[in-house]
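Trainee: Before we go into detail, could you show me how to read the features of this model?

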Amino acid sequence: MIWVTYAQAKRDEGSRQTYLDQFLKIQPHPHVRSLRYNLGFQAGLDRIAELEGERLICAQAAADARAEVTRADNYAFLVLARGMLGHGKKQPIIVNPPAFEQLSEEGLETYLIDHEYVHAQDISRGMALSAGMRIDSANEGQFQICALHAILETRALAYQISEGVKKHVGHDTLRRALGEFWKYHCLLSGIEPANELEGTAIGIQLASYRPLLDFIFPEMTRKKRRKN
Ligand SMILES: [Zn+2]
């Protein structure tokens, strides 16, 4: 087996798939099927074609997803369509070039293990919120896409931040995750619930982030409480 180091993968785009295959062997996860390098957008397009073949997405959703995937400038992503939550299927994670070009080795590792793996698990198992509430294919139809998206992202980012603090990851890596968490937290707080279930789920989810927010912004949350 050829061993590819992070430095080689960063330098040579052609070796990035081998690097990711090695990565998953060393850091396996029960809900992650593969890490695919998105060379020329092919891995993303292949995944959409696969979901279309399994009739998990309709032609319109596939066309929208294709437009999105070929614009991809994020580090990595999973393709999620209506009805996929909680089906128990392992998920492929598609890794974009900026993950190698902009992140450090540590940044890439924590981004994959502590963020993308969380998405894979949430999609495969469905999302277990606190208070015994679950979001899966049985009830996800009652959720707006923006709500599902904000819940998925805040969950992954909250985990990424708490693991990052435990592992003492670098300042830049943590700061990026904090900024993103705050962005999606604001989005989630601003959603007008479409129904009671969605309102309850958003409330439960936001409440679960209070200890983390107290930790991140102790002064701000203290002042807010004094005002209330
Ligand atoms: Zn994410």
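Mentor: Let us begin with the contact between domains: five residues of domain 1 are in contact with five residues of domain 2, where contact requires C-beta atoms, placed from the backbone, to lie within 7 Å. This is a predicted model, in which local features need pLDDT of at least 70 and side-chain atom pairs count only at pLDDT 80 or more, whereas totals for chains, interfaces and linings use all residues. Residues are numbered from 1 along each chain as its sequence is written.

Trainee: Where do domain 1 and domain 2 lie in the protein?

Mentor: Domain 1 covers 1–104 and domain 2 covers 126–228, with bounds from an automatic or database domain assignment, and their centres, taken over C-alpha atoms, are separated by 24 Å.

Trainee: Which residues of helix 6 meet helix 7?

Mentor: Among them are Asp-114, His-115 and Val-118, and the residues they meet in helix 7 include Arg-155 and Leu-157.

Trainee: What pLDDT does the protein average?

Mentor: The average is 92, and 94% of the residues score at least 70, on the predictor's confidence scale from 0 to 100. Where pLDDT is low, the predicted coordinates should not be read in detail. Helix 11 (residues 218–227) has the lowest mean among the elements, 64.

Note on methods
Contact = placed C-beta atoms within 7 Å. Helix = DSSP H or I, 4+ residues; strand = E, 2+ residues; numbered from the N terminus.
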